[in-house]
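Colleague: I am new to this structure and would like to go through it with you. Could we look at it together?

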Amino acid sequence: MPNLIADKLELNGLLDRQALQGHLDQAAAAARAAGEPLAVLTMDLDHFKVYLEDQGQPQAQAVLLRVAGLLKAQQPSGASLVHLGGDEFVMLLPATDLPAATEKAEALRSAVQAEFAGLAGPAPLTISLGAAASPAGSDWSAHSLLSLADARLTFGKKRLQPHHNRVWAGALPSDWYPRFEIKPEQWPSLDLQPA
């Protein structure tokens with residue numbers, strides 16, 4: 001979507017897109033050194049572009065501030081929340097395996113759905129999330145972890161019914177994996193029922 005909501009929007013002191021890679025690299029190095037998993041949640045709001053076009057930029061910015069506040073309030077101790085710009089966010093969850101990350105993602109999805117259940121607009125404002133966690137051992141990269149979480153978000157929103165308000169931490173089509181240089185059998189996945 002064209003960035004009508006500027007990346008400059010201050011969202012309660014969250015990390016921004018420029019800070020993400022360095023922060024993710026540090027978290028991955030710490031996780032590998034400690035022999036602990038690292039999980040990543042990628043998320044974006046469903047129907048946000050339609051809401052922006054219908055309600056206007058001031059209302060859309062107010063919604064983003066509410067979402068950022070809600071996500072921050074739900075953020076576990078030690079986790080990091082990043083605003084990528086527009087309606088996209090990433091949460092880094094140290095010492096978190098895929099089942100725990102998926103449970104946190106479901107809690108976030110449910111909280112956003114409840115928060116905006118009565119919001120006026122052309123379509124329900126919900127959130128979709130992709131979840132990934134590092135495999136056992138140290139042979140993985142921060143880039144692959146983030147790419148897998150993002151691919152799971154994309155797959156959940158574009159290929160699975162319903163196309164919104166869901167968490168996906170499951171398998172992807174086999175031709176997707178070479179894009180981020182991973183062997184799918186090494187990475188944890190969970191096949192979930194739609195919300």
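This is a predicted model: local features need pLDDT of at least 70, side-chain atom pairs count only at pLDDT 80 or more; totals for chains, interfaces and linings use all residues.

Colleague: Which residue forms a salt bridge with Arg109?

Modeller: The partner is Glu106, and the closest N and O atoms of the two are 2.9 Å apart. Glu106 is partly exposed, with a relative accessible area of 24%.

Colleague: Where are Arg109 and Glu106 placed relative to one another?

Modeller: Both belong to helix α4 and are three residues apart, so about one helical turn separates them.

Colleague: How many salt bridges does a search of the whole structure find?

Modeller: The search finds five. One of them joins the side chains of Lys157 and Asp44, at 2.6 Å from N to O. This pair links distant parts of the chain, as Lys157 is in helix α5 and Asp44 is in strand β2, 113 residues apart.

Colleague: Are Lys157 and Asp44 buried or exposed?

Modeller: Both Lys157 and Asp44 are buried.

Colleague: Let us change topic. How many residues are in the largest nonpolar core?

Modeller: That core has 34 residues, and those with the most contacts inside it are Leu41, Met43, Leu45 and Phe89. The elements that give two or more residues to this core are β2 (38–46), α2 (48–55), α3 (57–74), β4 (88–94), α4 (98–115) and β5 (126–133).

Colleague: Which element gives the largest share?

Modeller: Helix α3 does, with seven residues.

Colleague: What is Leu41 in contact with, leaving aside its neighbours within four places in sequence?

Modeller: Its contacts include Phe89, Val90, Met91 and Leu93. Others among them are Ala101, Lys104, Ala105 and Leu108, as well as Leu129, Gly130 and Ala131.

Colleague: You mentioned Phe155. What about aromatic pairs, and how many are there?

Modeller: The count comes to three aromatic pairs. In one of them, the rings of Phe155 and Trp168 have their centres 6.1 Å apart and their planes at 45°, so the pair is tilted. Phe155 is in helix α5 and Trp168 in strand β6 (residues 167–168), 13 residues apart, and the pair links distant parts of the chain.

Colleague: Are Phe155 and Trp168 buried or exposed?

Modeller: Phe155 and Trp168 are buried. Tyr177 and Phe180 form an aromatic pair that is edge-to-face, with 6.1 Å centre to centre and 70° between the planes. Tyr177 is buried, as is Phe180.

Colleague: Which residues form one aromatic cluster?

Modeller: Phe155, Trp168 and Trp176 do. The charged end of Arg179 sits over the ring of Trp176, 4.9 Å from its centre. Elsewhere, Arg32 lies over the face of Trp140, at 4.9 Å from the ring centre.

Colleague: One more arginine, please. Where does Arg152 lie?

Modeller: Arg152 lies in helix α5 (residues 142–159). At 1% relative accessibility, Arg152 counts as buried. Not counting residues up to four places away in sequence, Arg152 touches residues including Leu98, Gly130, Trp168, Leu172 and Ser189.

Colleague: Finally, what is the mean pLDDT of the chain?

Modeller: The mean is 90, and 92% of the residues reach 70 or more. Over residues 1–8, however, pLDDT stays under 50, and the model has 16 contacts beyond four places in sequence for that stretch.

Terms used:
Residues are numbered from 1 along each chain as its sequence is written. Side-chain values use heavy atoms; hydrogens and water are left out. A nonpolar core is a set of buried Ala, Val, Leu, Ile, Met, Phe, Trp, Tyr and Cys residues joined through side-chain atoms within 4.5 Å. Buried means under 20% relative accessible area, exposed over 50%, partly exposed in between (1.4 Å probe, protein chains only). Helices (H or I, at least four residues) and strands (E, at least two) are DSSP runs, numbered from the N terminus. Contact means heavy atoms within 4.5 Å. pLDDT is the predictor's confidence in each residue, from 0 to 100. Rings of Phe, Tyr and Trp (its six-membered ring) pair if their centres lie within 6.5 Å; planes under 30 degrees apart count as stacked, over 60 as edge-to-face and the rest as tilted. A charge sits over a ring if NZ of Lys or CZ of Arg is within 6 Å of the ring centre and within 35 degrees of the ring normal. A salt bridge is a side-chain nitrogen of Lys or Arg within 4 Å of a carboxyl oxygen of Asp or Glu.
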